[in-house]
Amino acid sequence: MTIMNKWLSSAALGLALSVTSMAAYAETPANMLVIANRIDDITTLDPAESFEFAGSDVSRNVYGKLVNFDPLDLAAGYQPDLAESWEVSEDGMTITFTMREGVSFHSGNPVRAEDAEFSLRRAVLLNKTPAFILTQFGFTPENIEDTIRADGNKLMITTDKRYATSFVLNCLTATIGGIVDKELVMANEVDGDMGNTWLKTNSAGSGAYKLDSWKPNESVTLSSNPDFYSGAPAMERVIVRHVLESASQRLLLERGDIDIARNLNPEDIAGATEADGVKIVDELKGRLMYASLNQAHPVLSKPEVRQAFKYLVDYEGMRDSFLKGQYTIHQNFLPQTYLGSTDENPFTLDVAKAQELLTAAGVDGLEIEVGVREAQERIEIAQSLQNTLAQVGITMNITVGTAKQILGRYRSRELDVYLGAWGPDYPDPQTNAGTFAYNPDNSMEAQATGLLAWRNSWDTGGLTAKVDAAVVENDRDARVQMYKDIQAEFRETSPFVIMFQQIEQSAMRDNVTNFSTGQAITSASYWQVTK
């Protein structure tokens with residue numbers, strides 16, 4: 001059997017397995033959106049617990065929040081949603097939200113301040129994985145009756161100290177900020193779980209869509225909410241199919257059986273580009289690809305060596321070859337589209353400049369180890385870096401391992417160099433500033449393994465205090481400038497070699513308009529989509 005015949009057989013088998021139940025959708029109806037995506041990461045649909053990509057897509061369309069993002073104007077930042085307005089106290093610690101009148105849950109129950117109070121308190125009490133997004137503001141099971149409270153159509157939240165209002169509001173746009181129907185959820189409580197078991201597979205929202213079904217590793221089906229306060233969605237039904245293989249997604253798309261394919265590899269993107277009736281839409285996502293140098297190493301801790309590494313990356317060569325279409329050059333810790341982000345990318349491959357810096361540091365030959373996860377693109381980046389480092393007499397040995405193995409060594413400060421990816425936890429600059437440029441205690445005893453600066457034994461050289469100042473600055477423009485200044489200093493002093501920002505390429509039928517994956521700051525939304 002030839003290689004081509006083997007490929008066709010494999011693709012045909014994948015297609016047969018993937019579309020058995022979709023045969024009826026030779027052409028998708030005008031009022032239905034059918035998406036192929038990898039959704040096997042969904043473990044729960046409870047907004048107080050969900051912390052996976054595909055689950056966040058569902059939640060964004062099912063649950064309203066106090067504040068949210070407009071999918072047609074993501075650059076505008078957070079906007080009023082279930083709260084129509086808010087006021088901040090003089091001391092900057094209390095935000096009072098006025099709830100939007102006349103909004104109902106899918107059950108028909110009215111959306112009240114009491115539901116918002118219940119939802120935020122519930123997230124703190126359940127204390128599931130994403131709870132830190134709220135508890136970082138000082139909310140605890142012991143104090144929530146005082147710090148999260150409803151009064152009529154108003155909700156007041158009081159933080160443990162003054163923070164930038166934009167920081168608090170950005171965090172409330174995260175999945176955990178979803179407002180649930182208190183009456184419906186508590187009617188399904190079992191053994192004091194506040195409805196958690198029931199909400200894993202059911203919904204109690206007020207958003208543009210309600211959940212019809214979730215079949216693990218198979219599909220999610222949503223139906224539109226005709227009473228959605230901003231207007232009934234044009235797509236009355238949304239079906240998200242779990243299709244694992246890129247080739248199968250492409251074939252489904254080109255046949256017209258689906259409207260959108262979200263997981264095509266570069267080869268299938270290139271092929272789909274040539275297909276009739278198909279278009280490719282690029283959106284920047286939040287994931288960054290970076291390398292970092294352990295500052296406990298006697299040579300890698302030298303300032304000139306840190307900077308030399310930044311001139312030993314073939315940024316353009318990688319972007320234009322094996323990363324083509326999947327990543328763009330980005331050399332800052334805040335992803336593009338984030339508040340305070342910058343497009344300053346001063347470093348290029350410059351072997352002569354790197355050699356000059358190494359000579360100034362007294363470095364003549366060096367052997368180091370880099371740890372990399374078992375992911376092809378990361379291994380190829382490491383190999384490229386290995387080749388350019390060799391040009392200045394640095395031997396970099398590549399150790400490939402599982403995520404558990406490599407991250408374990410990284411968190412224990414055992415690696416000379418780490419090469420990997422980082423994605424933000426919530427859509428505020430603090431999510432990355434507070435890990436790349438923040439390290440209040442650099443001692444081994446601190447065990448601050450969640451902080452990337454700590455993992456690399458870097459005390460941040462004064463940036464920690466500047467991050468502390470930025471997170472409480474209430475003037476939005478001033479806060480933006482503070483993060484730009486922090487990143488400018490970070491580029492010149494840090495042991496982080498930030499290289500690329502991820503691009504998500506969605507292939508879709510050319511009659512689909514206004515679809516958004518949420519870019520770097522939120523999840524996919526369907527209610528604005530038309531055909």
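First, the ground rules. Because this is a predicted model, local features need pLDDT of at least 70 and side-chain atom pairs count only at pLDDT 80 or more, while totals for chains, interfaces and linings use all residues. Residues are numbered from 1 along each chain as its sequence is written, and side-chain values use heavy atoms, with hydrogens and water left out.

Let's start with the cores. In soluble globular proteins, nonpolar side chains tend to be buried together. By nonpolar core I mean a set of buried Ala, Val, Leu, Ile, Met, Phe, Trp, Tyr and Cys residues joined through side-chain atoms within 4.5 Å. Buried is under 20% relative accessible area, exposed is over 50%, and partly exposed is in between, using a 1.4 Å probe and protein chains only.

The largest nonpolar core has 103 residues. Within this core, Leu-66, Ile-157, Leu-172 and Tyr-526 touch the most other members. Which helix gives the most to this core? Helix H3, residues 113–126, with 7 residues. Helices (H or I, at least four residues) and strands (E, at least two) are DSSP runs, numbered from the N terminus.

Look at Leu-66. Contact here means heavy atoms within 4.5 Å. Leaving aside neighbours within four places in sequence, the contacts of Leu-66 include Pro-80, Phe-97, Met-99, Ala-116, Leu-120 and Leu-172. There is also a second, separate core of 40 residues. Tyr-311, Met-318, Phe-347 and Ala-361 are among its members.

Next, Leu-389. This residue lies in helix H14, residues 376–390. Leu-389 is buried, at a relative accessible area of 0%. Not counting residues up to four places away in sequence, Leu-389 touches Phe-309, Leu-312, Ile-394 and Met-396. Gln-355 is 34 residues away along the chain, and its C-alpha atom is 9.9 Å from that of Leu-389.

Now the rings. Rings of Phe, Tyr and Trp (its six-membered ring) pair if their centres lie within 6.5 Å; planes under 30 degrees apart count as stacked, over 60 as edge-to-face and the rest as tilted. How many aromatic pairs does that rule give? The count is 25.

Take Trp-86 and Phe-97. Their pair is tilted, at 6.3 Å centre to centre and 55° between the planes. Trp-86 sits in strand E4 (residues 83–88) and Phe-97 in strand E5 (residues 94–99), so the pair ties together parts that are 11 residues apart in sequence. Trp-86 is partly exposed, at 24% relative accessibility. Phe-97 is buried, at 0%.

Now Trp-458 and Phe-490. Their ring centres are 5.9 Å apart with the planes at 70°, so this pair is edge-to-face. Trp-458 lies in the loop between helix H17 (452–455) and helix H18 (463–470), and Phe-490 in helix H19 (residues 476–493), so the pair ties together parts that are 32 residues apart in sequence. Trp-458 counts as buried at 5% relative accessibility, and Phe-490 counts as buried at 1%. Both belong to one aromatic cluster, whose members also include Tyr-290, Phe-333, Tyr-410 and Trp-422.

On to helix H10, residues 266–273. Its buried residues are Asp-268, Ile-269, Gly-271 and Ala-272. Why do we say they line one face? Seen down the axis of H10, they fall within an arc of 165°, so they line one face of the helix. The arc is that of the directions from the helix axis to the C-beta atoms. The cover over these residues includes helix H9 (246–255), strand E12 (278–293) and strand E17 (496–509).

Two backbone notes. Most residues other than glycine have a negative phi. Asn-127 has a positive phi of about 55°. Asn-127 is in the loop between H3 and helix H4 (132–135), and is exposed at 54%. Asn-217 has a positive phi of about 60°. Its place is the loop between strand E8 (209–215) and strand E9 (219–224).

Last stop, Asp-46. Is this residue buried or exposed? Asp-46 is buried, at 0% relative accessibility. Asp-46 lies in the loop between strand E1 (32–37) and helix H2 (53–62). Its side chain makes polar contacts with the side chains of Arg-122, at 2.6 Å, and Asn-196, at 2.8 Å. A polar contact is a pair of N or O atoms within 3.5 Å; within protein, one must be able to donate a hydrogen and the other to accept it, and residues adjacent in sequence count only if both atoms are side-chain atoms.
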